[in-house]
Structures are given as structure tokens and as C-alpha cells.
Amino acid sequence: MKIFDKMEEHDYEQLVFCQDKNSGLKAIICIHDTTLGPALGGTRMWNYDTEEEAIEDAIRLGRGMTYKNAAAGLNLGGGKTVIIGDPLKDKNEEMFRAFGRFIQGLNGRYITAEDVGTTVADMDLIHEETDFVTGISPAFGSSGNPSPVTAYGCYIGIKAAALEAFGDDSLEGKTITVQGVGNVAYTLCEYLHKEGAKLIVTDINKEAVDRAVNDFGAVAVEPDDIYSQEADIFAPCAMGAIINDDTIPQLKVKAVAGSANNQLKEERHGDELEARGIVYAPDFVINSGGVINVADELYGYNNERAMKRVETIYDSITRIFEISKRDGIPSYQAADRMAEERIERVHKSRSQFLRNEHNIISRR
Ligand SMILES: NC(=O)C1=CN([C@@H]2O[C@H](COP(=O)(O)OP(=O)(O)OC[C@H]3O[C@@H](n4cnc5c(N)ncnc54)[C@H](O)[C@@H]3O)[C@@H](O)[C@H]2O)C=CC1
Ligand SMILES: CC(C)CC(=O)C(=O)O
């Protein structure tokens, strides 16, 4: 892999490779863009088959955070970390503390939080070594696990997508397929079930599926069968790149709206959804509830303030559909445009002033 070519392609600022033999830590921190502020993005722990796959994931996810944070109106840039390893077998205290020291070494250019494979307990270990971590235990005055808030944002984003697809945002009686019933999607299913939606779920983890079947009367299907179900809305809530050449022809839904990061394998797959008349709620907007919540910690966490901001996801998704129609572009492009324009505007206005204390986000 030609790393600098990759970095130039989307103008990445920095990749940091962190290794600690003692704990087995192998991590890649990707800082994509810090125009708006320090790069905030979670840490994913995953058993990648190759180092190239891990680097690809880090950079795709890091760039997504730049767009997510910009579109959410946060004064934060974008970054992400991947730790190579099996989250069920390879974790230890020293690993997260070593990782915390690497983050501390970046002196605030990167702030972390949870993602797939990491937990509040892991963030607490990182916090032993650095303050540049969010989503730590509420006992520290923090916001804790971001997943339930991501789920809430995703739920109201699904309602906004339903309004666009069906002319009514009620989910009562709608059939919704959910891919992956992990931390975010379990709570999402709870909201959907309460509103009277019928759920079809899948997961590679049988226990997760059983829980959704028992708790919400969901119908379980095999992982490969989730795309071809007769349903109204597809909510991808597992891993990325699941909207692709193989899956699009199978879809019978009117909308795709879920929490997974990087749902489109390539941008052209967003064009393909548009061409087929499938409403797509851009991933980095609908799943921004978690980062909005953890970012609030940087000002001294206030749940009410954070939730008010999370509720703006409904309007943001609606606005994206408006821009999409006004400018004749697919919704994923409208979302990109919204984020890029904000970064550009802030960049320009900052160039008119000297930096001072107000440009620096103070910590708890
Ligand atoms: N946790 C959060 O606050 C946020 C999460 N996201 C994204 O939402 C997605 C879900 O995140 P979490 O719920 O935190 O992760 P999680 O790890 O708790 O849940 C993911 C679930 O997907 C399942 N899964 C993996 N591959 C699968 C496949 N091929 N088919 C079916 N199921 C599969 C896993 O077994 C697991 O139960 C991820 O893409 C994550 O990056 C985005 C923003 C915030
Ligand atoms: C889980 C969040 C707190 C941040 C993040 O990494 C994301 O939104 O993908």
C-alpha cells in the first residue's frame, strides 16, 4: 500500500502507528482534518485479517468523523483509531493504558471515545493516562456509553427518512429490517418496537438475535438474507460497505437509514440508491447522536443540552433531502456539501482573526 498516496487522496493530516510489545497493542490513529478543532472520533477494536485492511478502515472512518462533526455543527475535526485484535480475547489493562499514553503524546490533537469493540471500561483505563478521552464513566461527571444516544438519534433520523419516503413519519405498522443487533441497534429496536414497527433482525452473534426476538417479537433471518426481505426500511447497524453491487439489487425497501458508519462501499452506490428511488439517510448525519453526546463533555457534560442537540438530527436529515431536491444531487452528496461548506466557512472566518483562548476548547 502506498500510504502517502492514500493520505493525499483525501488530504489526511496524520497517521500514527502505535506499538507496545508488553501489552500487544497495535493501534493506528488517523487524524483526518483539524480545521474545525481537535479530531474527535472513537476507537474500534477488530480482528482485521491484514494490516492494510486496518489502515483502510482507520482512514475511511477518520474522514467520516470530519464530515460527521462538521455536519453536526461541532467545533471538532475528524479522526478515529483502530486497534488490531479480538475484543473478546486480546484486551488487557496495560493495552488501554499504553494507548492512553500515545493519545496524551498528541497533546489534544486527537480525542477518543467508544466504537465497535470498545467499552466505557476501556475508556476509563485510557483516562488513567490522559484527559483526551470521552465516553468515560458517569462517575467522573461524564456521559458514559454513547450507544443509547446514537440509537435515539438514529430513531428520529429514521422517522425523518420515513417522512421523505412515505409522506408520514409514523413508524407504526412499518416493517424495518435491522442488520446487527449490538449496542446501538438493541436500543434502536426498543424505540422502533415501542412505536409499533415490525422488526426483522439479523446478527452473526446468536445471543444478540435471541434477545431481540424475545424482547421485541422480532423475526430472525440469516445474515445474508437480510437484504432481500420484503420491508419498508433497511437499518444497517453493523459494519460498513454493505450498500454495494451485490446488495443493492436485492433491496425491496423504500429507505435505507441506520447507524453503521461508511454504509456506501463507494460513492457511486449512493447514486445507485437514488436512481432506484430508495431514500438514503446519510450515515454520518443519522448516526451523529453519540458524538454529539460525548462532545458535550468538553464543555462540562449537560444531558439536557446534549439531547436537545441530538434532536436536531431530524431537521438535518430533512434539510439534506431538501438540498438534494433543490440541487438535483443524491442525498449523500447533499450531506457532504453541507459539511464541506461549514468547514470552508469556518476556515475563512478564522483567517480574519488572531487565535485566542476562545479558539481552544477547555476540558472538564
Ligand atoms: N456505538 C456508537 O455510539 C456508534 C456506533 N456507530 C456505528 O454503528 C455500528 C454499530 O455500532 P455498535 O452497536 O456500537 O457496535 P456493536 O459491536 O455493539 O454491534 C454491532 C453488531 O453487529 C454484528 N455484526 C457484525 N458483522 C455482522 C454481519 N455481517 N451481519 C450481521 N451482524 C453483524 C455484531 O455481532 C454486533 O452484534 C458500527 O458501524 C459503528 O461504527 C456510529 C456512531 C456511534
Ligand atoms: C461513538 C462516538 C462517540 C464517536 C464515533 O466514533 C462515531 O460517531 O463513529
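A backbone N or O atom of Asn183 lies 2.8 Å from an oxygen atom of ligand 1. That is a handy place to start looking around this structure, which is a predicted model.

**Around the ligand**

Ligand 1 has 21 residues around it, and the ones that come nearest are Thr150, Asn183, Asp203, Ala238 and Asn261.

| Residue | Protein atom | Atom of ligand 1 | Distance |
|---|---|---|---|
| Asn183 | backbone N or O | oxygen | 2.8 Å |
| Asp203 | polar side-chain atom | oxygen | 2.6 Å |
| Ile204 | backbone N or O | nitrogen | 3.5 Å |

How much of ligand 1 does the protein cover? On its own, ligand 1 has 820 Å² of accessible area, and the protein covers 86% of that. Two elements give two or more residues to the shell around ligand 1: helix α5 and α6, the latter spanning 183-194.

**The nonpolar cores**

Helix α5 turns up again here. The largest nonpolar core has 88 residues, and among those with the most contacts inside it are Ile29, Ile158, Val178 and Leu188. Helix α5, which covers residues 147-166, gives the most to this core, with ten residues.

Setting aside residues up to four places away in sequence, Ile158 touches Leu171, Leu188, Leu192, Ile233, Ala235, Ala257 and Ile286.

Now hop over to strands β1 (residues 14-20) and β2 (residues 25-33). They pair in the antiparallel sense, with seven bridges. In one of the pairings, Val16 has Ile29 in β2 as its bridge partner. Ile29 is also one of the residues with the most contacts inside the largest core. The two strands make a hairpin with four residues between them, and Gly24 in the turn has a positive phi of about 85 degrees.

Is Ala27 buried or exposed? Its relative accessible area is 2%, so Ala27 is buried. Beyond its neighbours within four places in sequence, Ala27 is in contact with Val16, Phe17, Cys18, Thr81, Val82, Ile83 and Phe99. Ile55 sits 28 residues from Ala27 along the chain, and their C-alpha atoms are separated by 9.5 Å.

Asp33 counts as buried because its relative accessibility is 16%, and the cut-off for buried is under 20%. Its side chain makes a polar contact with the side chain of Thr35, at 2.7 Å. Leaving out neighbours within four places in sequence, Asp33 is in contact with Glu13, Thr66, Gly77 and Gly78. From Asp33 to Leu188 you go 155 residues in sequence and 30 Å in space, C-alpha to C-alpha.

**One last stop: Thr202**

Thr202 has its place in strand β8, residues 198-202. Which residues does Thr202 touch, not counting residues up to four places away in sequence? The list runs Val178, Gln179, Gly180, Val181, Val209, Val221, Glu222, Pro223 and Ile226. Thr202 has a relative accessible area of 2%, so this threonine is buried. One of its contacts, Val178, is also among the residues with the most contacts inside the largest nonpolar core.

Conventions:
Residues numbered from 1 in each chain as written. Chains lettered and ligands numbered in written order. Predicted model: local features only at pLDDT ≥ 70, side-chain atom pairs only at ≥ 80, totals over all residues. Heavy atoms only, no water. Core = buried A, V, L, I, M, F, W, Y, C linked by side-chain atoms within 4.5 Å. Buried < 20%, exposed > 50% of the residue type's maximum accessible area, 1.4 Å probe, protein only. Contact = heavy atoms within 4.5 Å. Pairing = 2+ DSSP bridges. Near = heavy atom within 4 Å. Polar contact = N/O pair within 3.5 Å; in protein donor to acceptor, adjacent residues only side chain to side chain. Areas by Shrake-Rupley, 256 points an atom, 1.4 Å probe, with all protein chains shown as cover.
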